[in-house]
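Hi,

Here is the structure for you to look over. My notes on the core and the aromatic rings follow it.

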Protein chains: 2
Amino acid sequence: MLGFQEKYGDYLNKFNGKLDKFCSELTSKPSVLSESMKYSLLNGGKRIRPVLMYAVGDLIGADEEVFSDYALSLELIHTYSLIHDDLPEMDNDDYRRGKLTCHKVFGTGNAVLAGDGLLNTAYSILFNCCKRGREYTDAAGFVCKCAGIGGMIGGQSADLYCENNAISGEEWLEYIVLNKTAKLITAAVAVPPILKGGKYFLEFKQFGEDLGKLFQIVDDILDVQGDFGKLGKTIGKDKEENKLTYVTFYGIDKSRFIADVIYDKCIKILEGIDGDTEFLKQLTEFVRHREV
Amino acid sequence: MLGFQEKYGDYLNKFNGKLDKFCSELTSKPSVLSESMKYSLLNGGKRIRPVLMYAVGDLIGADEEVFSDYALSLELIHTYSLIHDDLPEMDNDDYRRGKLTCHKVFGTGNAVLAGDGLLNTAYSILFNCCKRGREYTDAAGFVCKCAGIGGMIGGQSADLYCENNAISGEEWLEYIVLNKTAKLITAAVAVPPILKGGKYFLEFKQFGEDLGKLFQIVDDILDVQGDFGKLGKTIGKDKEENKLTYVTFYGIDKSRFIADVIYDKCIKILEGIDGDTEFLKQLTEFVRHREV
């Protein structure tokens, strides 16, 4: 049996092959549009959403040729959200994964359009998937809902709202984390079950929401205790910018405690699912203790 | 038989009823997200795309209950494109239809998200339509393609590229106008034919492209000779900002001549279509001679 690193690498390679092919075929007039989209897509991310989708797809026996299109769309949507989030009047980030952000390289106008282009192209891929039949349409609709105003965009808006108005509170914190971060991770693990007629959909939906929260708490901890050299982004920005995060709200020790509680919850959900969930457990462990 | 104004008003009322219902049900947390979306949606536009879709739908006997969802999505997509286009690093417009633009009222960050929210919600509506079957999926895919990087977004990018690099030329001008303006108008008139199995699809596609061009040429003429009081937007910006338009490229007299040639082409296409095309001819006449 492959170890965790090997298996992650295996899924990553499969997805990166798909992404590389997509990028090599992506052209536009003027070329700056597709170049700015590819610059952000090929920014060396962990690809955690696609890897999750491949792992769950494998586990429940979904067809890779099909779900890989959803994985690609999801990575396009994730990338668009980062580009718009990094803009000067949003999070105003100059670096992402050690490279200059899209608007620093191409200018704000082009970055807005690169994001719009990625979002639109993601849905263009999904409309193609819908031709296969009802469950494919349902899966596409689910991704769209997770990304939308009742999902990720709602979370981004709440994040900005709390920052601009110096608003704090547990309810807002939970809302931001669930929507801004956890919804797209939920989409990643819930699409294969939808494609397979709904088997384990509820379990994976819950797993995605909790894993997404765990991912964000660790992100918040890394913002304080991480290493620019490893993370490739500015450290300590959350507090400076009045951001509502687990660490600014609960402090670092309680955030670590909450992370451990959610970690246990994720493992418990996985134990209720038939099949080999070992890789997903290791991935949860990786999310809990990651340094990048 | 109803006159042109009455018929336009009739379609407009039907669509505005649909839009009002949609807006009354649109909520978000935080509320600023849905408020900023509604502010821009309910900005008193001419609704030319929805009116076109209702008129063509009527003409070829498509089901209003169905195509009205496409009309709504298209207006959401059109509105998102205006919000992002008006941003400071894009066209930098303070006024639209006599009201402050979205980013002037809600700030740039919220305006970016309002646009993202509108685009995503438009596709959420279309994924629902896809459940009805293949031709509905084809129509949704067509709208998405018209809005995408090979369509409207490509046109916006080209517009920005030519402006930023002081590039001129007939080929770029044609590309910008076809994609930035004409593609969404094409979507408006091509969706009902797609829903009806493709009848007159090619004719309406060509009509949409030409009507879209005509619309843009007149827009360019109005930028020079229009009236702020009627148009509700700043006059004379195109030349000042080095924009590549029909008027800055050809001058006003040749632009008028080209408009007349394209007008004739539109009428000719309509004459090749069975059924009562009178309203569409009058609408073409209205687009040619409009002052708003």
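A nonpolar core here is a set of buried Ala, Val, Leu, Ile, Met, Phe, Trp, Tyr and Cys residues joined through side-chain atoms within 4.5 Å. Buried means under 20% relative accessible area, exposed over 50%, partly exposed in between (1.4 Å probe, protein chains only). This is a predicted model: local features need pLDDT of at least 70, side-chain atom pairs count only at pLDDT 80 or more, and totals for chains, interfaces and linings use all residues. Residues are numbered from 1 along each chain as its sequence is written, chains are lettered from A and ligands numbered from 1 in the order in which they are written, and side-chain values use heavy atoms, without hydrogens and water.

The largest nonpolar core has 204 residues; Tyr70(A), Tyr123(A), Tyr70(B) and Tyr123(B) touch the most other members.

The whole structure holds 36 aromatic pairs over all chains (ring centres of Phe, Tyr and Trp, its six-membered ring, within 6.5 Å; planes under 30 degrees apart are stacked, over 60 edge-to-face, the rest tilted). One is Tyr161(A) with Trp172(A): centres 5.3 Å apart, planes at 45°, so tilted. Tyr161(A) is partly exposed at 29%; Trp172(A) is buried at 18%. In chain B, Trp172(B) and Tyr175(B) pair edge-to-face, at 6.2 Å and 85°. Both are buried.

The charged end of Lys29(B) sits over the ring of Trp172(A), 4.7 Å from its centre (NZ of Lys or CZ of Arg within 6 Å of the ring centre and within 35 degrees of the ring normal). Lys99(A) sits likewise over Tyr39(A), at 4.3 Å.

Best wishes
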